Amino acid sequence: MDKIIYVRFTGLEHDRIKEVIAHYPDLNWELYIGLSKINPDSLGAYTRHGVNSFPLKNDIVDILNCRMPDYDPDYRATFDDVTDLRLKQLWSSKNKKWLINWSGGIDSTVVVTSILKNLKPADFKDIIVACSRFSVYENPNFFFNFIKPNFSIIDSSQLDVNQEVLNNYIVIDGEMADQLYGGGLNTKTIDDDEVDFLSKDWRRDPDKLLSIMESKFDKKFAELYYENMKTRIESCSIPIETYYDFFWWDTFDSKWAPIKFRPLLIYNSSKNIADAVVNNNPVHWYDSQEYQLWAMNNNTPGIKYNIDLGERKLASKKYIYNFTNDSYYYKFKLKMDSLSRQSAKTFFAVTNDYTKLYLDTDLDQILELLPTHINQGN
Amino acid sequence: MIDFKYFDYKKFENNAYALYEPVIDCFLILHDSLEYITKLKYILSSRYVLHIVQINLADNFLSSNIDNLCCENWSLSNRSDIDFKSLTNEGNNTVIAKSLCYTPFDDSKYNIVKEKEWTVFCLYWLLFLGINGAHGYSQIDLFLNDFLNLNELGLDSNSSLVNDQLRKDILRALYFGRNLNDTEKEIEELIKDLKLPFYYEQRHQHG
């Protein structure tokens with residue numbers, strides 16, 4: 001290992017880390033560290049399109065092969081089209097049994113629905129569903145009507161996605177759907193009674209955003225955030241008009257790589273995760289070119305979302321409803337925190353040979369290698 | 001609602017807990033027992049993600065203003081205190097309403113009468129189980145009998161009117177039920193052999 005390719009927000013405020021980054025006072029540290037407060041669940045932020053205005057290098061975007069596809073305004077495929085296509089693409093290249101992580105939430109329920117809709121019952125013997133009792137409580141009708149009768153089930157709360165598991169299964173999760181839909185609606189930044197302003201033009205009406213962010217953080221951070229977003233948005237050619245688009249862009253652009261990396265880092269107890277990265281396993285269901293093209297073209301009320309709290313991730317809910325006819329799930333199901341995500345282990349950095357480094361045991365290495373990851377004008 | 005077979009009118013003078021439904025932004029039902037409102041929340045979790053709100057401590061609470069006939073027209077001022085992303089809300093189960101907000105219900109999108117009838121129906125059966133089959137269900141029994149083993153002395157919870165299996169069957173019917181008439185028939189079938197106390201005998205004319 002000779003350089004760091006990834007760091008988590010958590011740890012940047014460690015005293016010894018602060019001593020290192022103090023050597024680079026011209027970089028945007030105050031903004032970057034503040035981003036972790038907007039979304040405390042987030043591991044990090046790396047831009048994958050346009051200018052890199054963050055203080056860390058974004059090599060990880062190419063390492064994980066997650067540059068953004070070129071925007072195509074003529075792309076017309078629907079969510080249903082790209083979901084069915086995703087299933088067919090993955091199934092046709094299947095060389096191991098599938099292990100589906102089903103949380104009971106909307107994203108992973110789309111995955112299982114796609115399997116039930118597109119495959120033959122005889123194919124289900126090659127698919128195992130990993131879930132917990134809380135997955136069942138989150139979506140009991142789907143579990144008892146569709147999962148229990150069709151699939152073998154294992155307890156996800158006991159599952160370590162280690163190399164042995166990855167050798168035997170293609171592990172499939174529902175990651176990156178949040179990035180397709182946009183995270184602004186789901187962060188602590190915007191209360192649900194403030195969502196009306198999301199339909200406003202972000203260029204013409206900066207005041208509402210600035211006042212909300214000032215009330216939650218402080219004025220300086222609010223202005224830094226707005227200006228940084230403005231710089232990032234203006235360096236690309238994708239239409240971003242409303243605040244809904246604005247927040248979608250933030251997560252679609254800067255959270256894609258961290259979220260793509262997250263399952264490898266959190267659910268895998270191995271210190272080195274090279275095999276998992278090289279073999280692209282686990283597979284994130286929503287990590288496809290087609291889903292991203294769909295996301296770029298459908299920031300529209302009635303497709304991705306509507307005003308009511310129950311109408312977030314609307315295209316996904318419609319896809320499920322068209323198969324299950326469960327109107328209660330369609331109307332009242334909300335986006336929930338994934339319980340399993342709350343148990344993240346506290347590594348701080350990853351090196352270019354895919355070794356996780358921890359602040360408590362690997363601090364000397366981290367201090368030595370951290371400067372290799374600082375964005376000094378690349 | 002007043003004519004609904006399972007509805008019992010009650011004024012809430014002291015403790016008043018509400019189940020808040022965030023999509024419609026209203027209270028679906030009120031009750032004065034935290035124990036029952038919690039059980040009701042769990043039984044209803046197969047349909048809605050509900051949050052328990054104590055409303056009698058709100059600065060503008062008046063028992064004459066809010067009851068189960070009109071609770072769908074009320075919300076709370078401090079919605080931001082609710083963790084909308086948590087299914088279980090363990091450890092912080094009850095939000096205390098600071099003020100109650102009159103928010104007349106818009107019935108163009110949701111059939112609130114139908115939803116309220118379902119919640120009242122479920123509460124009715126939870127109370128039924130509490131009164132008639134409580135021995136295997138109450139927290140004190142679960143805790144104490146775990147080491148007292150009173151069933152070895154012939155004090156078996158199965159000797160109560162509603163035995164443990166029947167209690168489970170009724171709860172399953174409520175948890176998975178989607179249609180009130182069908183679920184009602186299913187439960188009536190389950191209890192058809194019970195000799196019900198007079199109060200219930202009048203409502204369930206089977207025996």
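**Exercise 1. Determine what percentage of the 378 residues in chain A is buried.**

Solution. Buried residues account for 44% of the 378 residues in chain A. A residue is buried if 20 or more other C-beta atoms, placed from the backbone, lie within 10 Å of its own. The model is predicted: local features need pLDDT of at least 70, side-chain atom pairs count only at pLDDT 80 or more, and totals for chains, interfaces and linings use all residues. Residues are numbered from 1 along each chain as its sequence is written, and chains are lettered from A in the order in which they are written.

**Exercise 2. Compare the radius of gyration of chain A with that of a compact globule.**

Solution. Step one: the radius is taken over C-alpha atoms, and the globule rule is 2.2 Å times the number of residues to the power 0.38. Step two: for 378 residues the rule gives a value near 21 Å, and chain A has 21 Å, so the two agree. Step three: the C-alpha trace of chain A spans about 60 × 50 × 35 Å along its principal axes.

**Exercise 3. Describe the sheet that contains strand S7 of chain A.**

Solution. Chain A has 18 helices and eight strands, which are DSSP runs numbered from the N terminus (helices H or I, at least four residues; strands E, at least two). Three of the strands form an open sheet in the order S1-S7-S8 (chain A), with antiparallel pairing; two strands pair if DSSP finds at least two bridges between them. At the edges are S1 (4-7) and S8 (356-358) of chain A, each pairing on one side only. Neighbouring strands of this sheet are turned by 30 degrees against each other on average, direction ignored. Strand S7 (residues 347-351) of chain A is joined to S8(A) by three bridges; Val350(A) has Lys356(A) as its bridge partner in S8(A).

**Exercise 4. Characterise the packing of helices H4 and H15 of chain A.**

Solution. First, the axes of H4 (residues 79-92) and H15 (residues 289-297) of chain A come within 9 Å and cross at roughly 170 degrees. Axes are lines fitted to C-alpha atoms over the stretch in contact, and angles run from 0 to 180 degrees between N-to-C directions. H4(A) is therefore roughly antiparallel to H15(A), a term for angles over 145 degrees. Next, Phe79(A), Val82(A), Leu85(A) and Arg86(A) in H4(A) meet Glu290(A), Tyr291(A) and Trp294(A) in H15(A); contact requires C-beta atoms, placed from the backbone, within 7 Å. The residues of this contact divide into five nonpolar, no polar and two charged.

Note on methods
Parallel < 35°, antiparallel > 145°, perpendicular 65-115°, else oblique. Contact = placed C-beta atoms within 7 Å. Nonpolar A, V, L, I, M, F, W, Y, C, P; charged D, E, K, R; others polar. Buried ≥ 20, exposed ≤ 12 C-beta atoms within 10 Å, placed from the backbone.
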